[in-house]
Amino acid sequence: MTAPRRRELERTGTEGARVPVRDALLGVSPYGAPQLDVPVRLNTNETAQPPPPGFLEEVGHRIRSLELNRYPDRPHHALRDALAARAGLTREQVWAANGSNEVLIQLLQAYGGPGRRALYVRPGYSMYPELCRTAVTEAVEVDLDEGFRLGPELAAAAVAEHDPHLVFVPSPNNPVGTPVEHDAIRALHDDSRALVVVDEAYIDFADPTASVLPLLGELPRLAVARTFSKAFRLAGLRLGYLLTHAWVVEDVQKVRLPYHLDAIKQVAGLVALEQEAAFLDHRAATASERERVRAVLRDRGDVEVFDSAANFLLFRTGVEDLFDRLLDLGVLVRDFSDKPRLAGCLRVTIGTPQENDAFLAALDAALADASLPVPRESS
Ligand SMILES: Cc1ncc(COP(=O)(O)O)c(C=O)c1O
C-alpha cells in the first residue's frame, strides 16, 4: 500500500469502503435478548443452578487425553450413540450441532432456500423468522387461537393455505409455555408435504407424555429438536441435537461445516449425559417454584398469567412500561409487549427462590401505583 493511501485510510477509516449488505439485512439489528449486568436476570430461560459438582472436573480430566492438534470426530459418533440410547433411537437418527439454533438453521439450509417456505406458529420462538431470513427462505406464520392453542383444525388450515416445505412448532411453546397437542402435529404432517420440526427446547421440564418423540414411528416427516441449554443447565456449552429419521440426518450432513462440533464440546456432552440424573434433579423444585410464582401472580388480580409446562411464565398487565420499571428495580425479564398478539406481555424465567422473590417484590413495587385493569388482547 502506498503511503498516501495508508494515510487516507487512517484518516477516513474503512466505513466509506463498506460493501452493501444484502438487501434482506438492511436496517436489521443482530438478534438477542439484552445481556445486562443487573442483580436478577430472568430473561433467557436458563436454569439458575450451575451444573452439578463434579461435572467440570470430569470434563477437565477427560479432555486432557484429547489430541487437540487433530480435528474432532466429524460425525461425532460417541455423542450420537449416547443421545440415541437415551431416546431409544439409532445413531443414524441423531444429529448434534452448536445449540438447537444451529440444528434449525441446518434444517433450513437443507430444505428451505429460495422459492421455499417455512411455516411457524405465532406467538412462538422469535428466532424462526430470523433463521428463515438468513437461510433465504420465505417465512409464513399461523396465529395460535385466542387461548394460544394450535388445534388440529387450525393446523390443517394453515398448511393447506401455505403449502410449506418446513414447519416449526415450539413445544412447550416459547413464550406461551404450553405443549402442543399431538393431533395438531399429526394434522400439520398429514395434510402437508413438509418436514415438521417440533422444537422441544423445554421438554425436559414438561410431563414426559408431552413429547412428540413417540410419533416418530407414525410420521415419516417429523423431526424433534432439543437442547442442553435449558433443563440440562448447559447454556454456555452451545449444544443442541435433532432426533428424526435417517434421511434427514443424511441431508443435514450436506450443509454442515466440516468438523462443526468441537472435540471439547463432544466430551462435555457425553459427560453430561452420563450425569443426567444429577443434571436434571432440579426439575421438581423448578416446577414447584413456577407454580408458586404463578399462584402469586394469579391471586394479584391485576395480572393475567398463563399456564406453563416450562421454566418460565408469560404474564400480561396493563402497565405499559413495566419492563423498564422492573429493570430500574434490578430485575431483567423479557419484554414481548410490542409483539403481535402479546400486547402488555412479559415473560419471566423461573430462577432461584431468592430471585423469584426479588421478582415478585419488584413487581409488587412496580405495580403499586398502577391499579390498571388487565387489557384484553389486541392484535
Ligand atoms: C423454543 C426455543 N428453541 C430453541 C432455542 C435455542 O436454544 P439453543 O441454546 O440450543 O440454541 C431456544 C432458546 O431460547 C428456544 O427458546
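Hi everyone. Helices here are DSSP runs of H or I with at least four residues, strands are runs of E with at least two, and both are numbered from the N terminus. With that in hand, P172 is in the loop between β5 (166–170) and α7, and the bond joining S171 to P172 is a cis peptide bond with omega about -10 degrees.

Before I go on, a word on what we are looking at. This is a predicted model, where local features need pLDDT of at least 70, side-chain atom pairs count only at pLDDT 80 or more, and totals for chains, interfaces and linings use all residues. Residues are numbered from 1 along each chain as its sequence is written.

Back to the loops. A cis peptide bond also runs from R122 to P123, with omega near -5 degrees, and P123 is found in the loop between β3 (117–122) and α5 (127–134). Then there is R238, which is not a glycine and yet has a positive phi of about 60 degrees. You will find R238 in the loop between β7 (222–227) and β8 (240–243).

Now the whole protein. It has 13 helices and 13 strands. Its radius of gyration, taken over C-alpha atoms, is 22 Å, close to the 21 Å from the globule rule (2.2 Å times the number of residues to the power 0.38) for 379 residues, so the protein is as compact as a globular protein of that length. Along the principal axes, the C-alpha atoms fill a box of roughly 65 × 60 × 50 Å.

How is the protein divided into domains? The assignment, which is automatic or from a database, gives domain 1 (40–49 + 282–367) and domain 2 (71–276). Their centres, taken over C-alpha atoms, are 26 Å apart. Counting residues as in contact if their C-beta atoms, placed from the backbone, lie within 7 Å, 23 residues of domain 1 touch 21 residues of domain 2. On the domain 1 side, α11 and β10 (312–316) each supply at least two residues. That side divides into 10 nonpolar, 6 polar and 7 charged residues; here Ala, Val, Leu, Ile, Met, Phe, Trp, Tyr, Cys and Pro count as nonpolar, Asp, Glu, Lys and Arg as charged, and the others, Gly among them, as polar.

Let's stay with α11 and look at helix pairs. Axes are lines fitted to C-alpha atoms over the stretch in contact, with angles from 0 to 180 degrees between N-to-C directions. The axes of α11 (residues 283–300) and α13 (residues 353–367) come within 11 Å and cross at roughly 10 degrees. That makes α11 roughly parallel to α13, a label for angles under 35 degrees. Here E289, V293 and V296 of α11 meet P353, N356 and L360 of α13.

Next, α6 (residues 152–162) and α7 (residues 182–190): their axes come within 8 Å and cross at roughly 20 degrees. So α6 is roughly parallel to α7. P152, A155, A156 and V159 of α6 make the contact with D183, A184, R186, A187 and L188 of α7. By class, that contact has 7 nonpolar, no polar and 2 charged residues.

Last pair: the axes of α3 (residues 77–87) and α9 (residues 263–274) come within 9 Å, crossing at roughly 25 degrees. These two helices are therefore roughly parallel to each other. In α3, A78, L79, A82 and R86 meet Q266, G269, L270 and L273 in α9.

Note on methods
Angles under 35 degrees count as roughly parallel, over 145 as roughly antiparallel, 65 to 115 as roughly perpendicular and the rest as oblique. Two residues are in contact if their C-beta atoms, placed from the backbone, lie within 7 Å.
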